[in-house]
Structure formats: structure tokens, C-alpha cells
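Here are a few exercises to work through with the model open beside you. Try each task before you read its solution.

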Amino acid sequence: MWPIVLIASLGTYLEKLLGYVLPHSLLERESVRRMTGLLPVSLLAALVAVETFADGSNVTVDARVLGLAVAFIALAFRAPFLLVVVLAALSTGLARWFGWMA
Amino acid sequence: MDSQSDDDSHSNMDSSHAHLPHPHLPHPHVPGEHLAHTNRDIHVNALGIGLATGAYGLSFGAISIASGLSIAQTQALSLFMFTGASQFALVGVIGAGGGAFVAIATALLLGARNSLYALSLSPRLNLRRSAVPAAALLTIDESTGMTIRYSANVQDRRRAFFATGLSVYVLWNIGTALGALGASNLSDPGMFGLDAAIPAGFLALLWPRLTSNSRTENQKMWTVAIVSALVAFLLIPVLKPGLPVLCSALVAVAASLIWGRSHTSGHLDRMDQ
């Protein structure tokens, strides 16, 4: 685990450093900007899907779905980050407590 | 960190790339007596943003432990990686059973936007060489957003950047430590729904990117998000854990190729005001 932590940390640090030391023309291209703006959207959305429905390589529907739905509603009502996460965890935890969904 | 403290909408890059000029922008040409006011304003905002992200650091610490990292590893990520979305993604992929390469690649792809932040900050901060390594570490959504907001002069920009960066750095790390310590005392994190906190956290990170731009831009973001989620979902049974997320990056690549030509102004242009 430590190599992953350290390599990934070094890599993300170098990404930050890159913008200060590289010639500007390299990163200033519109296509690069556009892609860099969209990447987080794609990856975060994919992470939402996978972290909700994946159990290893199986697709499952369990109490996590309820948590996600609650998070969605909380966000629509502009709840702050921590509240969103806590409400999601609470609703999933409660659902399991009462034995709804696995 | 990349937390979107919605109560303070300028606190992140995504809102700044969306709406400038901000209604609370300081008057650019007010000299003298207003300087102290501006400084206090910067410090108060920096502290507020730090507190919000610190609270978010709690959830990162807890989720990282639930994903199987040690307390030291969790803290190392907040100290050295210091970019929330990548940290969350790394522990998320590891927790889901993804391999080392996939975990690192996902974190790096999510961190790529920091290069662009650094690029736009570099001329604005105009730093000494010796200050660049520290500035690089503090280059995140929040510090970039604040720097762009206080754009009146280079002193304000530097103050906004370092005040916000340091405030978030300290409080994010304290939050991480408390969250990690708390979660390591739980016997079964799943029982408390901590595993559901992970997708909720990602959704909360994603949300402002879907909602804080113009209507047409938001629609594009929603499209990219839904298609990406669908692609990843369909690939779950086909690929090894972690890879479906990486593959979704291709959706972003495709979308940027399709929309790139018709789109004339990138968000960094709008930041230049």
C-alpha cells in the first residue's frame, strides 16, 4: 500500500508543479483545457456508479442506492458536503439496521 | 478540499470558472483605507473555506480507513497529495479492489486539472523560484478560486492564495486525522453506512460541476456525467475493479473532441477578468 500512496502523491504533486514550470503554450491549447475540465466530470460520475453498484465484479443493488438517493436530494436542496455524506451514511446504516435491502 | 462548500460559492474553482465577475468582488481600484478591510475579508473567507473543507476532511479520513488504508497512509495522502478528489478516488479504487496501477492512474487523471490551475496562477502570483515548490503543493480548487476572486493586485492575489491554501491545508489535515482516528475505532464501518458515504461524497464533488455553469454548459456536463456513469456501470462485470472508472475517461476525451471545435471560450478565458 505504501508504494501506491507515495507514487500517487508524487505524481499529483508533479502535476501541480508542471503548471508553474512548463512553457505556457503547452497547456494553453483550447482542446487541452476542454478535456481537463471534462475529465473530473467523467471520472467522478463513473466513481458514483461503481461505488454504488459494484461488489467486486458483480453488479448489486443494496442499501447504498438509498444512500445515494438521499445524497442526491440533499444536494438538490443545497446541503453542505458533510451533511450530504452523513445523511447518506445514516440512511444506508438505518436501512441495514431495519433489514431493508442487504 | 475539492469540497464544494455551497454556502460560500466562490470557494472552489468550479464556481469561479463559472461565474465571474462575482457579486462580492472587491472594488479593484479602491486605495488606502480599504486595504485593511480587503485583507480582513481575505482572511475571514480563507478561514471559512478551511473550516468547511476540514469538515470534509473528516469524511475522507473515515472513508480511507474503511477502504483499508492505515492511519499513517491516510495522513500521508492529505499531507503530500493534498487534492481531495484524487485522494477520494485513490482510496475508493483501492477499497473496491482495484489494482495499484488503476488506483494511481485514476488519481492522476483527476489531478490533471491542477496543472491548469497552476498554469493560470503562475503569472498572477509571479512568485520567486524558491516559493514555487510550496505554492505547487497548495494549488487546489479553493486556493485557485480565491486567487482569481481577489484579482485587484499581486499582493492581494498572493495573500488570497496562501491564506486559503494554508488554511485548507492545516484544517484538511486535522480533519483527516480526526476522521481516521474515529473510523479506526469502529468495528464494522459498513454497519454505519460508511460505504454509502463514498458514492455520496463523489456525487457531492461532482454536483457543482453540473450546476454552476450556464444552462447549455450544465446540460453538456450532465450528458458527460450520465454517459460516463452508464459506461462504467456496464463495464463493472466485464473488467477488473477500477478499470471501468478509468475507461469512463474516454467519454470525456470523446466529448471534448466533439464539442471542442464549436466551443470558443474555455473557462480559463473567463477567469481573466
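## Exercise 1: The build of chain A

Chain A has a radius of gyration of 19 Å, whereas a compact globule of 102 residues would have one near 13 Å; the radius is taken over C-alpha atoms, and the globule rule is 2.2 Å times the number of residues to the power 0.38. Before going on, note that this is a predicted model, where local features need pLDDT of at least 70, side-chain atom pairs count only at pLDDT 80 or more, and totals for chains, interfaces and linings use all residues. Residues are numbered from 1 along each chain as its sequence is written, while chains are lettered from A and ligands numbered from 1 in the order in which they are written.

**Task.** Describe the box, the secondary structure and the burial of chain A.

**Solution.** 
- Step 1: along the principal axes, the C-alpha atoms of chain A fill a box of roughly 60 × 35 × 25 Å.
- Step 2: chain A comes to five helices and two strands, in the order α-α-α-β-β-α-α along the sequence. Helices (H or I, at least four residues) and strands (E, at least two) are DSSP runs, numbered from the N terminus.
- Step 3: 54% of the 102 residues in chain A are buried. Buried means 20 or more other C-beta atoms within 10 Å of a residue's own, exposed means 12 or fewer, and partly exposed is in between, with C-beta atoms placed from the backbone.
- Step 4: take the contacts in chain A between residues at least 6 apart in sequence, and 42% of them join residues at least 24 apart. A contact here means C-beta atoms, placed from the backbone, within 7 Å.

## Exercise 2: Chain B and a helix pair

**Solution.** 
- Step 1: chain B has twelve helices and zero strands.
- Step 2: of its 273 residues, 58% count as buried in chain B.
- Step 3: among contacts in chain B between residues at least 6 apart in sequence, 74% join residues at least 24 apart.
- Step 4: now the pair. The axes of helix 10 (residues 215–235) of chain B and helix 11 (residues 243–260) of chain B cross at roughly 145° and come within 8 Å. Axes are lines fitted to C-alpha atoms, for helices over the stretch in contact, and angles run from 0 to 180 degrees between N-to-C directions.
- Step 5: Ala, Val, Leu, Ile, Met, Phe, Trp, Tyr, Cys and Pro count as nonpolar, Asp, Glu, Lys and Arg as charged, and the others, Gly among them, as polar.

## Exercise 3: Where the chains meet

**Task.** How many residues does each chain put into the contact, and which helix of chain B gives the largest share?

**Solution.** 
- Step 1: chain B supplies 91 residues and chain A 66 residues.
- Step 2: helix 5 (residues 100–125) of chain B gives the largest share of the side that touches chain A, 18 residues.
- Step 3: sorted by class, that side of chain B has 62 nonpolar, 24 polar and five charged residues.
- Step 4: helix 1 (residues 2–21) of chain A packs against helix 5 of chain B at about 20°, with the axes 6 Å apart. So helix 1 of chain A is roughly parallel to helix 5 of chain B (under 35 degrees is roughly parallel, over 145 roughly antiparallel, 65 to 115 roughly perpendicular, and the rest oblique).
- Step 5: the contact of these two helices has 15 nonpolar, seven polar and two charged residues.

Conventions:
Two residues are in contact if their C-beta atoms, placed from the backbone, lie within 7 Å.
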